[in-house]
Every structure is written in C-alpha cells, then in structure tokens.
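Hello,

Here is the structure we spoke about, with the sequence alongside. My notes on it follow below.

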Amino acid sequence: MNTFSEGQYDAVVIGAGHAGCEAAIALARTGLKTVMLTLNPDSIGFMPCNPSIGGTAKGHLVREIDALGGEMGLIADLSALQYRMLNEGKGAAVQSLRAQTDKNKYHTEMKRLLEHTDNLRIVQGEAADILTEGDHVRGVLTSYGGMFACRAVIVATGVYLNARTITGEVITESGPNGFARATMLTDALLHLGYRVRRFKTGTPARLDGRTVDRSALTVQPGEEVYPFSFLNDGVPPADCQEVCYLTYTNADTHRIILDNLSRAPLYNGAISSTGPRYCPSIETKVVRFADKERHQLFLEPEGADTTEIYVQGMSTSLPHDLQKAMYRTVKGLEHCEIVRYAYAIEYDCIDTLDVLPTLESKKVKGLYTAGQINGTSGYEEAAAQGLMAGLNASLALRGMPPLVLRRDQAYIGVLIDDLVTKGTDEPYRMMTSRAEYRLVLRQDNADERLTEIGYACGLVTEERYQRFLARRRLREATAAALEERAEQKKADALVQRHGQPPLSAGVTYADLVRRGIPLAELCETFGILQDVPADVLLSCETQVRYAGYLKRSRDEAERLKKMEESPLPPDLDYSAISGLRLEAREKLDRIRPLNLGQAERISGVSPADIAVLMVYLSMKK
C-alpha cells in the first residue's frame, strides 16, 4: 500500500458516534485544527439502538454536557418528539429528563453542525494504525494509506471494532444497522499496551407502525417539562408532542422463549461475550425473572417521517422465525410486520484501568479513549466521555492544566472515576445510585456546577456564559423572594389543608416549603414567582427543603477534596510498604492511583490500607 501525507493537524478523532462528535466539537471550538475519521459520514451521530436521549441518570449527563458547552442537549431538543420526566413522584435528586427523538433528524442536525464547525475536517476512512514516537502520539495511518500527522488522538470507535451481529444462526461480520465494521485498530491498541476484551449489546426489532393495533394499548403522553439545554426556554405543549404506547409480554411470549433456548445464541454458546446487566435481552429477563408473569414494553416512534416503531424492552438475538412468532403474542402486535429484525452485536473494547482520569492512556501521551471503547453502554455516557477526552486533549495542547471533575462536582466525574478506578467487567451504565452526592448533582443545577468551568476552559461561549449569569441572578432573586413573609390567612388555610400544625405569626414561604408544601402549590396559592422557569423553582425549593442534607454532603465533599489533594508518587513501590495487605498491594500497583482519594475508592483497598499509606506519606514528608 502506498502512503501519502494528509497534512498536519493538532488532533485526530477516530469515530463519529456520540463520543466522537463531542470530542471533535470540543477540540475544534477551542481553536485546534481537527480531523474526524469515520467509516461512513451517514453514521455521524447515529442512534443504532433506542431513538431517545436521557433517562435515569442519563438525563443528568446530558444537562452536564450542555452546561460545559457540549452539543448533545441542543441537538436532542431540536429533534425531540416527546418529553417525559422519569421518577417525578420521587425526590429531585433522582428525577431524570428523557426525550423521544427523531433518529434521522438527530443525525442530520449533528452532521450539519459538524460540517459548519470551523477548524474541523471530516474524512471517510478507517484508522489502521496509531503512529507514535517514543511514548508520544505522532499521527494516524488510514486503511487507504493517508497519514494524518497530529499531537493528539481520541479513539471513539463505539461498537465497530471487530463487530459482528448475531440473530439466531445468522452471524454477520458488520457493525450496527448494517454499517461496515472496523477491523484494523484492535492490533494497534494491543501493541500500545491496552488490554482488549469482548462486550455485547443488543437491540429489539423495528415494526411497521401501520400493522400495530394502537386501540388495544395504553397511551403514554408527553409532558410539558423543561428542555435539556440551558440555552432553550421551554418545550412544546404536551398535546403537541408525539405519544408512545405501553403493552406487556405474557405467558405465550415466555413459552416461545423458554421452549427454544437451544436456538438462543445467548444460551447455546454462539455468544460468549459479556452483555449489559441493566439492559438485558428479553430471553435473559424471562429466564432470570421466572416468577414474573409479564414484562412491560414501550412502543416508541423512530421518527416523524417514518412508520417504524421501536419496541423498548424486547431486545433479542433469537432467530428470525422465533422473533416473528414472539412479537405477535403481545397485545396490540398480533398482526405486526417486522421491518428490521433484532440482533445482538459483539465488539472489542479496552480495560479502562489502563486509562488516566483525563481519559489519556497511562502509556502513550496524547492518546485518549472515549465511549464504548471504554466499556460503557449508552449514547449519553459516550458523549460525556467524548467531551472530556476532547477537552483534556485541547487543554494539554494549549499548555493548560487538565480537567478532572470530582465525584461531588458531576455525574461525569462519577462515570469516569468508576471506569478508571474500579474498572468494569460488563457494559457500564450510569445510574443515580452510583452517585453518593446525588442530592447535590441534580439536573436543575448542572449549569451552576459546571458552566464556569466550561467557560474557563474556553468551550462555553460568551453568549452562553452571559445567559448563565442572568439565570444565576434569577435563582438568587427567587431564593430571596422565598424568605419574604406569606399572607397569614392563606398560609393558615394551606397548612390546615395539608394537615400541618398551626403556624406562628410571620411565617415565610421558605418556612412553608420546609414543612413539605410543594413550591408549585405555593406559587399558585399566593400568586408568586409566576414567570420563573420550572427548573429554577425546583433548584430553589430543593435548596430550602434539604438544606441540612446538602450541608452534610458539602462537608463530606470537602473531606474528599482534601484526600484528592494528597498525591501519590507515580513510581511508588507498593510492594515495599509494610502493613499493606497483599490484595491492596496488587490493586494499587495495577491501577497506580494519582492520590489518596482515588486509592480509597479502589475495590480491595481497605480503610486500614489507606491509613498505612497516610503514615507512609507523612514519614516521607
């Protein structure tokens, strides 16, 4: 193969999925000359699985991406068909925004944005090798012989590395949705010292919506909630949004699955890679939860210009004939026709214990990984990593300090810290239960936590920053208004209606919130704060209602911060430190934590081991 120069660039992004898009945007917008390599430009920002953005904990990630200056939230709002707030009956910490999106429009809008981004060149081609000089990245070689010289590389290959799709006995060497797979880069990653393993994910069938009997289904309407992006003021009224539908599997569905496990790739040995625990196939759900008589399914539109329907909750890799029989046992789907059959997909990914908290390789300077190559699942997790990898590469190339978000600063910080400190033996999915500071890390205050950081890094625009400052002033004014006295007669009637004890004179709106009366009800009763956005009201209400818990979280976060400020030497010989248990020595030597805080979070390192390290460090000082 003849090689030739494709030019000198600051950075090359390999992959154009959700991680690659955010990485390329972060690099180009901060002034760095960037190339995005993609197997097919038609797959830019593509959603191979669920046509939605957000969801439990994922909605938090999208709002954090937006607060830092990323694009996922804006594109999601542009392409949204329906909004819902998950866990609305629970506390503010676990409420999560989710939008059903138009799959094709999301791709189209993201592609248009990238094509009009200064400093960014899009090239169709497969990365064949990552070129290095010593322990530094020096470029990327493509399968057609083009050489891109650069100082940083972000690998964001998604599920394409040595991918193969499986549907029963039919195994195809391809990426998702029939796109070509990548076959050359795995060897390069192994050569550079990464440990590579195989993970699996899957997707359900897409049905012809004309063959679905909606009259037999439960309607799931949209809701008028707040948008993903802090740059947008609202969402369409609920009655202007698309609807989804709810139905269930039944005994007949389960019988077809259980009677044919010998033909199920997950159970006959055709699939041996590790799949997602928290998004299992319908076969796994039926076998694992044998006591369940039914499993809920959501029928969701793939887009405004297509009749295709996505069957959320029924991912499978069963053979085609069994899929058709199985789907037709479901109420409303008795006469359904399948447009795209379901499949499982296996792919290569790396062990993230080989990665620094900046998402840079521990062995090769300038080489970053982001998204499903890091063992995660989900568009939102990928986009968050892509933004952080691109931003850290940009900061390094501009001679600025790296950005590592702490666990008390962002869900993004929790995500990356889990990956690089604990690793993952299965596709990693973000959940609110993973965040110990989740009362602090709410959706409504993502801008308060992160926008100034994004501005300092050069990614947040002046327009966005000024909008953030105006929003902060509104938040402060709202908090001040809640400290004003409420009209006594109305207040007495309100607490009596809620079964509360009588009030003393001079009660404030904040006092009523602390008594558990919803702020929305106060606004309606007293006619106050009528023009304040819902998420600003939620933020202020939470600050008042949970003030004691928030203070406790801040105190614990300060302790964590002090631990993070106690660095561990990168060449520390843990085997020579007496008092450390054998497991702790092995784990510390494998992960090489940067500080005591990270060491404390390693599975297998006990508080006693941390005490030994603290004594050792104090003796060294």
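Angles run from 0 to 180 degrees between N-to-C directions, with axes fitted as lines to C-alpha atoms, for helices over the stretch in contact. Helices (H or I, at least four residues) and strands (E, at least two) are DSSP runs, numbered from the N terminus.

This is a predicted model, in which local features need pLDDT of at least 70 and side-chain atom pairs count only at pLDDT 80 or more, while totals for chains, interfaces and linings use all residues. Residues are numbered from 1 along each chain as its sequence is written, and side-chain values use heavy atoms, with hydrogens and water left out.

Sheets

Two strands pair if DSSP finds at least two bridges between them. Strand E2 (residues 11–14) pairs with strand E11 (residues 152–155) in the parallel sense over four bridges; alanine 11 has alanine 152 in E11 as its bridge partner.

Another open sheet has four strands in the order E13-E12-E21-E14, and its pairing is antiparallel. Strand E13 (170–172) and strand E14 (196–203) each have a single partner strand, so one side of each is left without a neighbour in the sheet. From one strand to the next the twist averages 25 degrees. E14 pairs with strand E21 (residues 343–350) over eight bridges in the antiparallel sense, and threonine 203 stands opposite tyrosine 343 in E21.

Buried means under 20% relative accessible area, exposed over 50%, and partly exposed in between (1.4 Å probe, protein chains only). Among the buried residues of H2 are Lys58, His60, Arg63, Glu64 and Asp66. Glycine 69 follows H2 and has a positive phi, near 105 degrees.

Most residues other than glycine have a negative phi. Asparagine 162 has a positive phi near 50 degrees and is found in the loop between E11 and strand E12 (164–167). Asparagine 177, also not a glycine, has a positive phi of about 60 degrees. Asparagine 177 lies in the loop between E13 and helix H5 (185–191) and counts as partly exposed at 29% relative accessibility.

Salt bridges

The structure holds 55 salt bridges, each being a side-chain nitrogen of Lys or Arg within 4 Å of a carboxyl oxygen of Asp or Glu. In one of them, the closest N and O atoms of arginine 277 and glutamate 426 are 2.8 Å apart. That pair links distant parts of the chain, 149 residues apart: arginine 277 is in the loop between helix H7 (265–268) and helix H8 (282–288), and glutamate 426 is in the loop between helix H11 (411–422) and helix H12 (446–457). Arginine 277 is partly exposed, with a relative accessible area of 45%, whereas glutamate 426 is buried at 18%.

Aspartate 408 and arginine 406 also meet in a salt bridge (2.9 Å, N to O). Aspartate 408 is buried at 12% relative accessibility, and arginine 406 is partly exposed at 22%.

Arginine 497 forms a salt bridge with glutamate 521, with the closest N and O atoms 3.2 Å apart. Arginine 497 lies in helix H14 (residues 488–497) and glutamate 521 in helix H16 (residues 519–526), so the pair ties together parts that are 24 residues apart in sequence. Arginine 497 counts as exposed, at 57% relative accessibility. Salt bridges that share partners also join Arg63, Asp447, Glu448, Glu452, Arg471, Arg472, Arg475 and Asp535 into one network.

Regards
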